[in-house]
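Work through the exercises below with the sequence and the model at hand. Each task is followed by a solution in steps.

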Amino acid sequence: MAGISDTETIPLARPEIGAREEELVLEVLRSGRLSLGPMGERFERAFAEWLGVGDAVAVSSGTAGLHLGVRALGWGPGDEVLTSPFSFVASANCLLYEGARPVFCDVDPGTLNLDPAAAADAVGERTAGVLPVHIFGYPAAMPELEGLAAENGLGILEDACEALGAVDSEGGRVGARGNVATFAFYANKQLTTGEGGMIVPSDAEVAVRLRSERNQGRAADMGWLDHVGLGFNYRLSDLAAALGVAQLEKLDSLLAGRAKVASMYEEGLACIDGLRMPIAGRGEEVRSWFVYTVQIPQGVDLSATVARLAALGVASKAYLPCIHLFPHLRELGYREGQFPVAEAASARSLALPFFPSMTESQVARVCEALAQSLR
Ligand SMILES: Cc1ncc(COP(=O)(O)O)c(C=O)c1O
């Protein structure tokens with residue numbers, strides 16, 4: 001892929017696509033097996049092996065994975081599920097698809113993940129589950145949330161869409177704790193298939209259900225026009241799976257590249273007063289660097305900062321808006337002021353350009369532009 005010149009705007013994200021991706025995509029094209037072929041199974045096996053789990057089910061997006069995860073947990077009308085308001089909207093929408101209600105709880109100010117104490121306070125008669133999001137690739141407090149779930153008989157669906165490669169407080173890979181967990185492979189993710197996702201099933205029975213529901217409700221041994229139940233077309237094409245196989249082969253180096261860029265940022269931004277940088281880890285916890293998001297100094301206008309950076313040739317984004325304040329969630333009664341930690345983080349969070357092949361001079365350009373924009 002061609003590089004970015006010194007005068008071009010530095011983009012927010014950039015996939016790392018090379019000769020191996022081209023080779024495997026060509027292999028699929030020449031095989032004539034564009035869907036439900038061997039490349040899909042190869043991707044699933046390689047992914048499960050990398051993560052250290054027994055099985056993994058490929059789907060067309062992270063959102064599709066979350067939706068099937070909600071169905072696998074049996075959440076529906078009348079059920080409430082505890083989740084984070086500081087997330088991408090899909091982690092709440094997947095509950096709405098099935099008529100379940102997202103019950104938002106505030107986040108921990110350090111990790112920006114669901115605060116287990118806030119979640120414990122929100123448990124009620126209708127609570128059926130908890131849906132932690134490993135936001136910005138930082139591992140959620142799983143042992144605490146699993147304790148809460150066990151005490152109250154709740155199911156768990158992990159939104160690990162941003163967290164491939166993260167390590168939790170007990171030293172295990174995020175998504176490998178035996179809960180249903182979902183990953184996403186959009187073009188800005190640590191591993192990309194363009195569009196795509198992967199679900200880690202909690203057991204073999206769930207895996208069978210997921211494979212049937214992603215494929216229009218067909219059973220494994222059925223013909224194209226036979227169906228055992230309701231299903232969806234959430235299949236991942238073999239072309240996308242080919243990208244996934246190639247990306248998995250170099251995933252360790254992609255993750256290391258992201259960590260290196262993060263440490264360059266940490267050094268380059270240290271001189272800006274009042275700027276809060278993301279933590280890389282704590283104890284056993286290790287972030288998988290999905291985005292590089294800083295919290296700008298208190299009182300500075302976020303959208304004005306984005307505009308100043310754009311004028312200096314640096315893409316950036318206010319990231320993330322709180323999801324309880326979107327119109328369709330306000331309809332459930334959510335309002336400003338309910339989750340002060342999440343709302344304060346949201347008002348200050350700014351994503352900077354971030355991809356493994358970023359050079360030192362590009363990082364320096366972003367740091368200088370940010371310093372200038374905040375002066
Ligand atoms: C936290 C989170 N959940 C869910 C998703 C949905 O994934 P997808 O865009 O592949 O549907 C994303 C993707 O950006 C995400 O960041």
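For a pair of helices, the axes are lines fitted to the C-alpha atoms over the stretch in contact, and the angle is taken between the N-to-C directions, from 0 to 180 degrees. The model used here is predicted.

**Exercise 1.** Describe how helix 9 and helix 13 pack, and classify their angle.

*Solution.* 
1. Helix 9 covers residues 251-269 and helix 13 covers residues 360-373.
2. Their axes are 10 Å apart and form an angle of about 40°.
3. This angle makes helix 9 oblique to helix 13, since roughly parallel is kept for angles under 35 degrees.
4. The crossing of the two helices is right-handed.

**Exercise 2.** List the residues through which helix 9 and helix 13 meet, and sort them by class.

*Solution.* 
1. Helix 9 contributes V261, M264, Y265, G268 and L269.

**Exercise 3.** Work out the strand order of the open three-stranded sheet and identify its edges.

*Solution.* 
1. The order is 10-12-11, and the pairing is antiparallel.
2. Strand 10 (292-295) and strand 11 (317-318) each have a single partner strand, so they stand at the edges, with one side of each lacking a neighbour in the sheet.
3. Strand 11 pairs with strand 12 (residues 349-352) over two bridges.
4. In this pairing, A318 is opposite L350 of strand 12.

**Exercise 4.** Locate helix 10 relative to the strands.

*Solution.* 
1. Helix 10 (residues 302-311) lies across strand 11 and strand 12.
2. Helix 10 runs at about 20° to strand 12.

Conventions
Residues are numbered from 1 along each chain as its sequence is written. This is a predicted model: local features need pLDDT of at least 70, side-chain atom pairs count only at pLDDT 80 or more; totals for chains, interfaces and linings use all residues. Side-chain values use heavy atoms; hydrogens and water are left out. Two strands pair if DSSP finds at least two bridges between them. Helices (H or I, at least four residues) and strands (E, at least two) are DSSP runs, numbered from the N terminus. Contact means heavy atoms within 4.5 Å. Angles under 35 degrees count as roughly parallel, over 145 as roughly antiparallel, 65 to 115 as roughly perpendicular and the rest as oblique. A crossing is left-handed if the near helix is turned anticlockwise from the far one by less than a right angle, and right-handed if clockwise. Ala, Val, Leu, Ile, Met, Phe, Trp, Tyr, Cys and Pro count as nonpolar, Asp, Glu, Lys and Arg as charged, and the others, Gly among them, as polar.
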